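Visitor: I would like to learn how to read a structure feature by feature. Please show it to me first, and then we can go through it.

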Amino acid sequence: MTTKIRTRFAPSPTGFLHIGGARTTLYNWLYARRHKGDFILRIEDTDEVRSTDDSVTAILDSVKWLGLDWDEGPKDGKTDTGPYSPYFQMQRVPVYRKYLDQLVAEGKAYRCYCTKDELDEFRRVAQLEKRPPRYPGKCRALSAAQRQELEAQGKKFSIRFKMPVDGATIVDDAIRGKVSFENNLQQDLVIWKTTDGPTYNFCCVIDDHLMGMTHVVRGDEHLSNTPSQIQIYYALGWTPPKFAHLSMILGPDGSKLSKRHGATSVLEYRDQGYLPHTMRNYLALLGWSNTESQQLFTDEDLISKFDLEGCQKSPATFDTVKLNWMNGEYIRQTPVKELIELAKPFLEKAGLWGAKGPALERVIALEHEKYKLLSEIPTLIEFFYKPVVFDPKAFEKVLKAPGAKDVLLGLADALQELTPFEEKPLEARIRQFVTEKGLKNGQVFHPIRVATTGRTEGPTLFLMLEIMGKDMVVSRLKDAAGKL
RNA sequence: GGCGCGUUCGUCUAGCGGCCUAGGACGUCGCCCUCUCAAGGCGAAGAUCACGGGUUCAAAUCCCGUACGCGCCA
């Protein structure tokens, strides 16, 4: 029997969920789902200064919006559920302390009394002598008597983990293969702070083991810490999980994606009108691909095809242009009724939800192939519900053209008489008008469009007029003519 | 500074020694469709596979070095 796959996403609640974190979450989730395993969420809030409750909420909201469900972890910002509860690290401190005591008792970790100033000095001298600036192990071999004396002086201490002094630690990474680190170049890392609390690397090892993680999929920036973590697993008599380190996501200028490149928070993408499915698909492709070079995936497709081996070792640039294309694809695939529901917040904000006028369903369907973002929908359809606002250029070029006024007035009369006021008869009547007056199509079609919408671009003309209805069309033709 | 990682069209990538005169997707450009804008169809341009050495009958693919970028130690 094979062990059940268990993956996790373990954010520090010190801010919103950014794009990189979202991708890490997605890959962990995909891997777990692919193998019918469990996906766990754990909150690494041991940084008491920077962790906030708001961040926890924002992160949970983000993961939920992305449509990634977790099997164990927080239910909200305070409570959680699952066989390994609690999933908030601050609530697990006694657990960490237990293993800390064990390591100290076994001589695998030791108290270090060096002050910040002393450590700075070590570092300075090391830099000067062009040696690696690592902790020199000053307190590593202190005797019990020496420790007593230092403590009698009221010296505070941190606790350091004793790294082996020879040999190498191999990280067998699912994406990068075997990566070797010389042990004597690693330093004795602090696992318990002077301020009496555990450090990130220590909690991470203990939780990943106790919570039964089989795979740790995380960002590239953790690769260098992995040998230390692996040695802690060994010291505790545990087998490390399989690691996979994902490459970084870059901004368009090749530097690490940050706020100055635009939106970095997942919730900002939601607010700009991207669909969760777009984010899942796009992020999946940013650093992972299969041999078919497939671009569009259903969720089932993604789950059945995703694998760690297909992940890219090199960093990837986040490309909003492709994201927009993909979002357009998925909007086009979304049935209009569903699309309206998705666009509801944006329509409400624009005052178009429940507005008097043509049926929203027909209006939105009219320009279905044009939306790239949900947030664009209101601007593209608002002229159906709000007074016409003329684009100055369109007004100059199209309405002020010679004869345009006569066209508008003539059409207003002709269309007033038209029944039924529907696409086909409208087209027939307007084309007839063109012939009667000896004009070209453009000389008539363009002025109608600008007069009724204020713009030179918009939906297919005759169906649009039908949806607007006779009263609106005729009065707008007259109004526009009146301005000339 | 040390250690580690990375480097294929503008961007995301395929490629695991011969199928590569390097394939796909986004974007760009052109044509078609057409009442505009899109969408759609067709087509084109775009990569001396970072650079330099090897290994081999044969290298984008294997090995070594260099450069540049990034990460960790901080």
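Visitor: How many helices and strands does chain A have?

Guide: This is a predicted model, so everything that follows is computed from predicted atoms. Chain A has 20 helices and 14 strands.

Visitor: What is the radius of gyration of chain A, and what would a compact globule of 484 residues have?

Guide: A compact globule with 484 residues would come out near 23 Å, but chain A has 32 Å. The box filled by the C-alpha atoms, taken along the principal axes, is roughly 110 × 55 × 40 Å.

Visitor: What share of the residues of chain A count as buried?

Guide: The share is 34% of the 484 residues.

Visitor: Which residues in the largest nonpolar core touch the most other members?

Guide: That core has 87 residues, and those that touch the most other members are A22, L26, I377, L408 and L477. Helix α1 supplies the largest share of this core, 8 residues. A second, separate core has 19 residues, including L103, I159, L189 and F202.

Visitor: With which residues is L477 in contact, leaving aside its neighbours within four places in sequence?

Guide: On that count, L477 is in contact with L408, L411, A412 and A451. L408 is also among the residues that touch the most other members of the largest core.

Visitor: How are two packed helices described?

Guide: The description uses the angle between the two axes and the distance between them. Here, the axes of α3 and α6 (residues 200-210) come within 10 Å and cross at roughly 100°. Angles of 65 to 115 degrees count as roughly perpendicular, so α3 is roughly perpendicular to α6.

Visitor: Which residues of α3 and α6 meet?

Guide: From α3 there are V95, Y96 and Y99, and from α6 there are F202, C203 and I206. By class, this contact of α3 with α6 has 6 nonpolar residues, no polar ones and no charged ones. F202 is also listed in the second core.

Visitor: Next, the backbone. Where are the peptide bonds that are cis?

Guide: Look at omega for each bond. The bond from S85 to P86 is cis, with omega near 5°. P86 is in the loop between β4 (80-81) and α3 (93-105). Another cis peptide bond joins T419 and P420, where omega is about -10°. The loop that holds P420 runs between α16 (404-416) and α17 (423-437).

Visitor: What is the phi of K36?

Guide: The phi of K36 is near 55°, a positive value in a residue other than glycine. K36 is in the loop between α1 (19-34) and β2 (38-41). D196 also has a positive phi, near 65°, and is likewise a residue other than glycine. Its place is the loop between β9 (190-193) and β10 (197-198).

Visitor: Is I59 buried or exposed?

Guide: The cut-off for buried is 20 or more other C-beta atoms within 10 Å. I59 has 28, so I59 is buried. I59 is in helix α2 (residues 53-65). Leaving aside neighbours within four places in sequence, I59 is in contact with P11, P13 and L17. I59 and D71 are 12 residues apart in sequence and 16 Å apart in space, C-alpha to C-alpha.

Visitor: Why is G251 partly exposed?

Guide: Partly exposed covers the counts between the exposed and buried cut-offs. G251 is partly exposed because 17 other C-beta atoms lie within 10 Å. G251 lies in the loop between β13 (249-250) and α8 (266-272). Not counting residues up to four places away in sequence, G251 touches L257, S258, H261 and F318.

Visitor: How many residues apart in sequence are G251 and P387, and what is their distance in space?

Guide: They are 136 residues apart in sequence and 41 Å apart in space, C-alpha to C-alpha. For Q146 and K162, the corresponding values are 16 residues and 18 Å.

Conventions: Residues are numbered from 1 along each chain as its sequence is written. Chains are lettered from A and ligands numbered from 1 in the order in which they are written. This is a predicted model: local features need pLDDT of at least 70, side-chain atom pairs count only at pLDDT 80 or more; totals for chains, interfaces and linings use all residues. Helices (H or I, at least four residues) and strands (E, at least two) are DSSP runs, numbered from the N terminus. The radius of gyration is taken over C-alpha atoms; the globule rule is 2.2 Å times the number of residues to the power 0.38. A residue is buried if 20 or more other C-beta atoms lie within 10 Å of its own, exposed if 12 or fewer, and partly exposed in between; C-beta atoms are placed from the backbone. A nonpolar core is a set of buried Ala, Val, Leu, Ile, Met, Phe, Trp, Tyr and Cys residues joined through C-beta atoms within 7 Å. Two residues are in contact if their C-beta atoms, placed from the backbone, lie within 7 Å. Axes are lines fitted to C-alpha atoms, for helices over the stretch in contact, and angles run from 0 to 180 degrees between N-to-C directions. Angles under 35 degrees count as roughly parallel, over 145 as roughly antiparallel, 65 to 115 as roughly perpendicular and the rest as oblique. Ala, Val, Leu, Ile, Met, Phe, Trp, Tyr, Cys and Pro count as nonpolar, Asp, Glu, Lys and Arg as charged, and the others, Gly among them, as polar.
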